[in-house]
Each structure stands twice: as C-alpha cells, then as structure tokens.
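This report describes one protein chain, beginning with a single residue and its surroundings. The sequence and the model come next.

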Amino acid sequence: MSKVTVMEHPLIQHKLTFIRDKNTGSKEFRELVEELSLLLAYEVTRNLPLNEVEVETPVCWTKTKQLSGKKMGVIPILRAGLGMVDGILKLIPAAKVGHVGVYRDPKTLKPVEYYCKLPSDIEERELIVVDPMLATGGSAIAAIEFLKDKGGKNIKFMCLVAAPEGVEAVQKEHPDVEIYVASIDNELNEKGYIVPGLGDAGDRLYGTK
C-alpha cells in the first residue's frame with residue numbers, strides 16, 4: 001500500500017481555510033493555490049539526493065551540499081492542475097512540465113485521455129502529478145497509468161484535498177505511488193464532490209461555472 005503524507009504545517013492549514021471559504025474570489029484563490037503548492041512541494045522534495053561540493057565563502061573555502069542533479073518533472077492534470085504548477089516551479093525552476101488531459105466517458109464512466117504532452121526523458125525523471133482535488137481517484141489513476149505506459153517509473157501524486165475513497169482507489173491501483181495531501185476530508189457526496197471540500201477547483205481558479 002502506498003504511503004500517504006498529510007501535511008499539517010500551520011501555514012498549510014491556515015491557507016487551506018481560505019481556499020475552502022466560498023467567499024474567496026478567483027484572484028485570491030489562484031494565489032493561495034500557488035502558495036500552498038510551493039509549501040507542499042517542499043515536503044514532496046524532502047528526500048532529493050545531495051552531493052558534497054566545495055565553495056569559497058567571503059571568509060574561507062568550505063564543503064557544503066547541493067542537489068545531485070536529480071531530474072524533476074511536474075505533470076498537472078488539466079485543467080485545475082495548472083493552478084499548482086507555478087508554485088512548484090518557484091521551488092524547482094529547472095523542472096520540466098508535462099500535461100495530461102483526462103475526461104470521463106459518459107457511457108462507460110471510464111477516464112479517456114484527450115491530451116498528453118510529456119518531457120521526452122520522463123523515464124529518467126522524478127515525476128510529481130498534481131491536481132487540487134482527489135475525489136473518486138479516476139483521473140489520477142488514469143494519468144498515472146498514462147505516465148507509466150510512456151516510461152515513467154518514479155511517480156508521486158500531490159493534491160490539496162482528498163476524499164478517503166479517492167485515496168483508497170489510487171492506493172489500490174498504484175501502490176508504488178506516494179500521495180501528498182493537505183487534508184483528507186470526510187467523504188464524497190452523491191454528486192461526487194468532496195465534503196467539506198472546496199467546490200469545483202477549476203471553476204474557482206478560472207472564474208467559470
């Protein structure tokens with residue numbers, strides 16, 4: 001079973017409160033999603049490998065640490081996942097960005113890929129799949145499957161809020177993929193919305209209905 005990390009840092013929980021508030025407008029919502037994504041990425045990248053290097057400070061030469069050159073990739077699930085990319089890139093500016101678009105077939109109710117553009121060397125990269133919400137898990141499961149089919153091996157999933165049902169579904173289908181989330185909420189309602197959740201993240205990001 002894949003590991004699930006719920007990030008309870010006070011800044012994360014504080015900003016999550018404002019994201020949940022229905023009175024938070026699109027501009028502030030976008031800014032908060034970006035800020036939260038940066039904070040979450042800090043935890044996701046905690047175990048990146050380091051090399052020891054030697055640098056000269058204004059005082060003397062010293063040995064210190066730097067990232068060992070591990071290649072990173074950020075893969076937003078369209079469209080709401082786009083709102084999380086800039087925050088992560090502020091922390092990891094050298095990361096390559098791919099995009100996966102998924103919709104649910106109204107007849108089969110199964111996810112269908114409609115867009116997939118990825119870095120050519122994804123098999124060499126540590127990939128972070130991002131989507132603000134993990135509800136039923138269908139889109140996340142499908143996106144991760146697409147990445148694996150194209151050679152992705154080291155994959156993590158990051159979201160803001162999740163339903164227990166979605167977490168369980170991703171763990172079942174992709175037990176090797178670690179999940180990082182700011183909150184695991186109570187449940188899904190009959191319409192498939194996370195409760196208490198934050199509404200439709202895409203609509204709130206882009207001011208649509």
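Leaving aside neighbours within four places in sequence, A169 is in contact with T136 and I141. The model is a predicted one. A169 belongs to helix α5, which covers residues 164-173. Its C-alpha atom is separated by 25 Å from that of Q13, 156 residues apart from A169 along the chain.

V170 is also found in helix α5. With a relative accessible area of 0%, V170 is buried. Beyond its neighbours within four places in sequence, V170 is in contact with L134, G137, A140, I141, I144, P175 and I179. The C-alpha atoms of V170 and R46 are separated by 22 Å, and the two residues are 124 residues apart along the chain.

## K148 in helix α4

Helix α4 spans residues 138-149 and contains K148.

Not counting residues up to four places away in sequence, K148 touches I155, H174, D176 and V177. Between K148 and Q13 the C-alpha to C-alpha distance is 32 Å, and in sequence they are 135 residues apart.

## Y180 in strand β11

Y180 lies in strand β11, made up of residues 178-184. Its relative accessibility is 4%, and Y180 counts as buried. Which residues does Y180 contact, leaving aside its neighbours within four places in sequence? They are T5, M7, E43, V44, K156, F157, M158 and C159.

Y180 and A201 are 21 residues apart along the chain, and their C-alpha atoms are separated by 17 Å.

## Cysteines

How many disulfides does the count come to? The count comes to zero disulfides. For C159, a contact of Y180, the closest cysteine sulfur is that of C116, and at 20 Å it is too far for a bond. A disulfide would need the pair of sulfur atoms to be within 2.5 Å.

C159 is buried, at 0% relative accessibility. C60, by contrast, is partly exposed, with a relative accessible area of 39%.

## Cis peptide bonds

A cis peptide bond runs from L78 to R79, with omega near 0 degrees. R79 is placed in the loop between strand β4 (72-78) and helix α3 (85-91).

V195 and P196 are likewise joined by a cis peptide bond, for which omega is about 0 degrees. P196 is found in the loop between β13 (194-195) and α6 (201-206).

## The chain as a whole

The protein chain has six helices and 13 strands. Its radius of gyration is 18 Å, close to the 17 Å that the globule rule gives for 209 residues, so the chain is as compact as a globular protein of that length. Taken along the principal axes, the box filled by the C-alpha atoms is roughly 65 × 40 × 30 Å.

Among contacts between residues at least 6 apart in sequence, 63% join residues at least 24 apart. Buried residues account for 44% of the 209 residues; V170, Y180 and C159 are among them.

## Surface and charge

The accessible surface of the protein chain comes to about 11,300 Å². Carbon and sulfur atoms make up 51% of that surface.

The chain carries 27 positive and 30 negative charges. How many Å apart are the mean positions of the positive and negative charges? These mean positions are 3 Å apart.

Conventions:
Residues are numbered from 1 along each chain as its sequence is written. This is a predicted model: local features need pLDDT of at least 70, side-chain atom pairs count only at pLDDT 80 or more; totals for chains, interfaces and linings use all residues. Side-chain values use heavy atoms; hydrogens and water are left out. Helices (H or I, at least four residues) and strands (E, at least two) are DSSP runs, numbered from the N terminus. The radius of gyration is taken over C-alpha atoms; the globule rule is 2.2 Å times the number of residues to the power 0.38. Buried means under 20% relative accessible area, exposed over 50%, partly exposed in between (1.4 Å probe, protein chains only). Contact means heavy atoms within 4.5 Å. Accessible areas come from the Shrake-Rupley method with a 1.4 Å probe; for residues, only the protein chains shown count as cover. Lys and Arg count as positive and Asp and Glu as negative; His and the chain ends are not counted. The place of a charge is taken as NZ of Lys, CZ of Arg, CG of Asp or CD of Glu.
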